Amino acid sequence: MGSALALSARGRGRTAPNPNVGCVIVRDGRVVGRGWTAPGGRPHAEAMALEQAGVAAKGATVYVTLEPCAHESARGPACADLLTAARPARVVIGAGDPDPRTDGKGAERLRAAGISVIEGTRADEAEAMMAGFFTRQRLGRPHVTLKLATSLDGCIAMADGRSRWITGDAARAHAHLERARAEMILVGRGTLEADAPKLDVRLTGLEDRSPRRAVLTGGKAANGWESLKSPGDIAALDKVDHLLVEGGAATAAAFLAADLVDRLLLYSAPILIGGGRPALGDIGLADLSAAHGRWRMTDQRRFDADSLDVYLRTR
């Protein structure tokens, strides 16, 4: 299942509205098939892995990060039917599929065909790897990551707005990797006008994974940019399950005030600015007690002199 989860990561940010599933097929202690959801959502991970395995799939064990789909589609057959036809001995599933068209039906169909099914293997990790899909299914909107790069005293820029660069090369490279895992990246109107950011992925080999660009504005967006009038508009975004919000302070505050941030990436550089621009505006906090218990740390990393703390919203 760990290998299937790693394969799932390959599709993150490229498969919406389909989930980025990973699949590994093992027979007699040897991997005979691997698959992950292709860009655009097809072929599915199971279809890719079964094609690679061929007749070796019969009697094998299939590890898949999400319950195989059970609904018909004009774009391809249901994965539960493909697996039934391939006749593996066992299917090990990470997370159940919350899509009502499948939700338990995929596992049920496999069992009805005489295939052993094990569910819930590393389910939390599977859900985290496919966070965009699960957030869309459960909350009706994309999974939102807010990225902030600050000085030790919580500033994102000098008083005059200059912000290049707070963090070093290694931290910025990691931020570009995060961009490659999103379908869309968003900034506020002020950031767009002040910095004219490209918001592309400048990592060798991943340039083609630059996300769509959006701006939070009450007016018309510039050419090549999509426009959102309010944070709540993200629910209507087409084929966007992972949204990365990069700034500035007013935009970050607006998403936090609307409780639409699911994940925080807090990069910090060992510098002091003093009198600079703060990372956040008012987020509508009425009482300090309401600030506690909302975030839990899930990761910490070092990038040369810089640090990164990752937090998930507790819901």
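Predicted model: local features only at pLDDT ≥ 70, side-chain atom pairs only at ≥ 80, totals over all residues.

Student: Which residues does UniProt place under "binding site"?

Tutor: The unreviewed UniProt entry gives that feature at S163, R179, R202 and E246.

Student: Where is S163 found?

Tutor: S163 is in the loop between β7 (155-157) and α7 (169-180). Helices (H or I, at least four residues) and strands (E, at least two) are DSSP runs, numbered from the N terminus.

Student: Why does S163 count as partly exposed?

Tutor: Buried means under 20% relative accessible area, exposed means over 50%, and partly exposed is in between (1.4 Å probe, protein chains only). S163 has 23% relative accessibility, so S163 counts as partly exposed.

Student: Why is E246 called buried?

Tutor: E246 has 15% relative accessibility, and therefore counts as buried. E246 lies in strand β11 (residues 242-247).

Student: What is E246 in contact with?

Tutor: Contact means heavy atoms within 4.5 Å. Leaving aside neighbours within four places in sequence, E246 is in contact with K147, R179, I185, L186, V187 and L199.

Student: What makes the pairing of the E246 and R179 side chains a polar contact?

Tutor: A polar contact is a pair of N or O atoms within 3.5 Å; within protein, one must be able to donate a hydrogen and the other to accept it, and residues adjacent in sequence count only if both atoms are side-chain atoms. The side chains of E246 and R179 make such a contact at 2.9 Å.

Student: Is T15 buried or exposed?

Tutor: T15 has 2% relative accessibility, so T15 counts as buried. T15 sits in the loop between α1 (2-10) and β1 (22-27).

Student: Which backbone atom lies 2.8 Å from a polar atom of the T15 side chain?

Tutor: That atom is the backbone oxygen of N18. The backbone nitrogen of N20 lies 3.5 Å from a polar atom of the T15 side chain.

Student: Why is T150 called buried?

Tutor: The relative accessible area of T150 is 14%, so T150 is buried. T150 is placed in strand β6 (residues 143-150).

Key
Residues numbered from 1 in each chain as written. Heavy atoms only, no water. UniProt positions renumbered as here; feature names shortened; annotations may be inferred.
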